[in-house]
Amino acid sequence: MRGFITLAIAVALAESASAALQPVTVKGNAFFVGNERFYIRGVDYQPGGQSQLADPLADVNNCKRDIPVFKELGLNAVRIYTVDNSANHDECMKELEDAGIYLLLDVNTPTISLNRADPAATYNEKYLQHVFATIDVFSKYDNTLAFFSANEVVNDAHTTSAATYVKAVTRDMRKYIKARKLRSIPVGYSAADVAENRLEMAKYLNCGDDADARSDFFAVNDYSWCGSSSFTTSNWDAKVKNYTDYSIPIFLSEYGCNKPSPRQFGEVKTLYSDLMSGVFSGGLVYEYSQEPNNYGLVEISQDRKSVTKLSDFNALQKQLLAAKNPSGDGGYQTNLKPADCPQKSSNWEADNTLPSLPTAAEQYYVSFHVTPSGQRMLTERTEKWCR
């Protein structure tokens with residue numbers, strides 16, 4: 001009898017370990033899994049960086065090599081910047097799910113994206129075909145946490161007019177998900193931390209009467225906490241104050257200043273404390289693999305079969321382990337109102353009237369016939385990757 005009991009316990013534990021993850025949902029200005037507050041504890045994951053861009057989820061060897069390392073760090077999320085939507089991702093997504101890890105996915109690729117210098121030319125039916133096909137491919141996985149409609153398209157004080165097209169793409173994605181009757185996967189934007197317009201960008205993506213055009217979340221790539229900084233020295237206290245009444249979740253889509261190096265990640269304790277939990281929902285450390293920019297947590301071997309953990313890995317692991325989530329719901333807020341749209345100024349040129357969906361793309365809301373295009377270049381005008 002004892003043998004049967006032991007076997008039953010082992011089977012139950014195995015089933016629990018491989019049980020499907022519950023989808024992450026948005027409630028007020030926070031993420032939840034069921035009734036439990038969810039904080040993103042993740043890394044940005046694109047082995048090879050921009051010099052050797054490839055879909056890391058299309059190669060099972062990557063996943064078998066790296067997912068156990070994710071688990072050692074205690075991660076619950078990874079961000080991936082580019083995928084091949086014509087490839088099969090079932091095995092890697094299952095490996096992530098079994099490890100308790102969610103995916104935040106950019107729907108653009110280096111060759112299929114909005115060009116900040118001429119966004120109107122790249123906002124077309126072929127571009128949207130790729131975006132919608134990526135949604136189709138990844139919406140079937142319960143551990144797809146979110147889609148990024150774009151990344152750092154506005155990257156200085158002079159590119160804000162491109163935000164109009166970012167918001168249009170966000171609208172189109174949210175409407176496609178509804179028309180397709182898919183799970184309501186959050187859609188939002190990953191912003192550069194541009195002092196001249198960071199607040200305007202956040203407000204713009206969460207303003208207006210068209211609910212479909214308002215983002216489900218807002219994320220920012222923030223490198224303002226460097227070395228032995230602090231909540232106040234880094235101005236994180238000011239950011240919390242500025243976004244206190246922001247009605248949707250905010251998180252850091254990239255963080256981890258590498259000057260000085262090696263990093264100590266002292267900001268982790270603050271990020272997952274009640275100093276920030278009423279406004280922010282965690283973040284993603286930049287980045288997993290060592291590339292020429294020296295942000296890596298691990299070094300991948302030349303044969304791509306193994307990794308060597310760097311000092312940054314050990315520091316981050318220690319900080320994540322010590323940083324416990326705030327108790328209860330972390331002070332999240334509900335019933336907050338959307339933002340007021342920012343007025344045009346010398347630092348803000350985005351239009352509150354969005355471009356209409358390209359006529360040739362209207363068919364996708366009816367037929368849902370969107371063929372995956374992979375990572376190939378669709379048009380000469382999509383050569384500049386806004387990331």
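Biologist: Between which strand and which helix does the loop with Thr159 lie?
Modeller: This is a predicted model, in which local features need pLDDT of at least 70 and side-chain atom pairs count only at pLDDT 80 or more, while totals for chains, interfaces and linings use all residues. Residues are numbered from 1 along each chain as its sequence is written, and side-chain values use heavy atoms, with hydrogens and water left out. With helices (H or I, at least four residues) and strands (E, at least two) taken as DSSP runs numbered from the N terminus, the loop that holds Thr159 lies between strand S7 (144-151) and helix H6 (163-179).

Biologist: Is Thr159 buried or exposed?
Modeller: Buried means under 20% relative accessible area, exposed over 50%, and partly exposed in between (1.4 Å probe, protein chains only). Because its relative accessible area is 12%, Thr159 counts as buried.

Biologist: Where is Asn85 placed, and what is its relative accessible area?
Modeller: Asn85 sits in the loop between strand S5 (77-80) and helix H3 (90-98). This residue is buried, because its relative accessible area is 2%.

Biologist: With which side chains does the side chain of Asn85 make polar contacts?
Modeller: A polar contact is a pair of N or O atoms within 3.5 Å; within protein, one must be able to donate a hydrogen and the other to accept it, and residues adjacent in sequence count only if both atoms are side-chain atoms. Leaving aside neighbours within four places in sequence, the residues in contact with Asn85 include Ala133, Val137, Pro372, Ser373 and Gly374. The side-chain polar contacts of Asn85 are one of 3.1 Å with His130 and one of 3.0 Å with Thr134.

Biologist: What share of the residues in the protein is buried?
Modeller: The secondary structure comes to ten helices and 13 strands, and the C-alpha atoms fill a box of roughly 70 × 50 × 45 Å along the principal axes. Among contacts with a separation of 6 or more, 81% are between residues 24 or more positions apart. Of the 387 residues, the buried share is 55%.

Notes:
Contact = heavy atoms within 4.5 Å.
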